[in-house]
Amino acid sequence: MRLEGKVALITGAAKGIGAAEAGLFAEQGASVVVSDVQEDIGLSVAAHISAEGGRSSFIRLDVAKPEDWKDAVDQTILHFGKLDVLVNNASIYSMLPVEVTTLDDWDELMRVNARGTFLGTTHAIPAMRDCGGGSIVNISSTAAMIGSKKGGAYGASKAAVRLLTKATAVQHAKDGIRANSIHPGPIETEMISSLISTPDGRAASVSRIPIGRLGTTWDVAHAALFLASDESSFMTGSELLIDGGMTAQ
């Protein structure tokens with residue numbers, strides 16, 4: 001059990017990568033707080049984990065609202081006694097080119113992706129410090145590292161996550177708190193469904209990946225498991241690329 005005795009709060013855990021992380025963490029012994037704005041689906045994820053013998057609860061969390069974060073961390077400690085792991089997974093996606101991105105588009109991407117991760121980090125730090133340390137895992141993107149013929153605001157929001165991770169790592173190593181980021185390439189989730197809904201669209205996405213397939217939610221979940229566990233105890237401020245070699249070209 002790689003997370004035995006640990007308590008993890010995962011955002012955006014109602015489906016996709018977040019749901020995979022929640023299930024995998026519970027399998028590996030963690031008590032998992034499933035959080036999302038989608039209550040019905042999130043409750044189902046938590047109920048499934050409990051039915052399988054795991055320890056889980058659900059809390060509604062809008063990651064852009066400080067009061068939701070305070071409640072989420074307070075409820076985590078109330079139910080499970082501490083907070084060891086935070087996975088900032090909640091995210092929204094856009095591939096609008098820079099020129100046609102509106103200010104509202106920009107603000108919404110920053111609100112969820114960058115502000116949400118910032119708020120999660122600042123609310124988790126005191127709780128982790130109180131219990132002797134912890135691990136913050138931030139889900140960024142390959143879009144934070146390379147330019148694209150599409151997009152702009154999405155990549156900028158994820159680049160903010162990337163640098164926030166490094167600042168957190170440097171500033172809080174003394175507290176026993178590690179912070180690392182994961183940078184997925186194209187992962188087969190609802191988030192990119194519009195890009196891969198046709199044979200030509202799927203082929204175009206796969207053509208960029210040397211391994212020759214799209215990633216799965218489990219590819220990312222296993223990377224998050226490693227960073228959440230003590231196996232990565234000498235890693236902080238690091239970036240894990242889960243992209244099938246896409247950015248190696």
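This is a predicted model: local features need pLDDT of at least 70, side-chain atom pairs count only at pLDDT 80 or more; totals for chains, interfaces and linings use all residues.
Leaving aside neighbours within four places in sequence, S35 is in contact with L9, I10, T11, G12, A13, F58, I59 and L61.

- S35 has its place in strand β2, which covers residues 31-36.
- Because its relative accessibility is 1%, and buried means under 20%, S35 counts as buried.
- One of the residues in contact with S35 is I10, and a polar atom of the S35 side chain lies 2.8 Å from the backbone oxygen of I10.

**Strands β4 and β5**
- Strand β5, made up of residues 134-139, is mostly covered, with six of its six residues buried.
- From β5, the residues G134, I136 and N138 point one way, while S135, V137 and I139 point the other way, and all of them are buried.
- The pairing of β5 with strand β4 (residues 85-88) is in the parallel sense and runs over four bridges.
- Opposite V137 of β5 stands V87, and V137 is itself among the buried residues of β5 that point the same way as S135 and I139.

**The second largest pocket**
- The second largest pocket holds about 210 Å³ of space, and of the 13 residues that line this pocket, G23, A26, E27, E52 and G54 are the closest to its centre.
- Sorted by class, the lining of the second largest pocket consists of four nonpolar, five polar and four charged residues.

**P210 in its loop**
- P210 has its place in the loop that lies between α6 (199-207) and α7 (217-228).
- When residues up to four places away in sequence are not counted, P210 touches G244, G245, M246 and Q249.
- Between P210 and V7 there are 203 residues of separation in sequence, and the distance between the two in space, taken from C-alpha to C-alpha, is 36 Å.

Methods: Residues are numbered from 1 along each chain as its sequence is written. Side-chain values use heavy atoms; hydrogens and water are left out. Helices (H or I, at least four residues) and strands (E, at least two) are DSSP runs, numbered from the N terminus. Buried means under 20% relative accessible area, exposed over 50%, partly exposed in between (1.4 Å probe, protein chains only). A polar contact is a pair of N or O atoms within 3.5 Å; within protein, one must be able to donate a hydrogen and the other to accept it, and residues adjacent in sequence count only if both atoms are side-chain atoms. Contact means heavy atoms within 4.5 Å. On a 1 Å grid over the protein atoms alone, a cavity is a set of points where a 1.4 Å probe fits but cannot get out, and a pocket is an open set with protein on both sides within 12 Å along at least five of seven lines; lining residues have an atom within 4 Å of a point. Grid points are joined across faces, edges and corners, and a volume is the space filled by probe spheres set on the points. Ala, Val, Leu, Ile, Met, Phe, Trp, Tyr, Cys and Pro count as nonpolar, Asp, Glu, Lys and Arg as charged, and the others, Gly among them, as polar. Two strands pair if DSSP finds at least two bridges between them.
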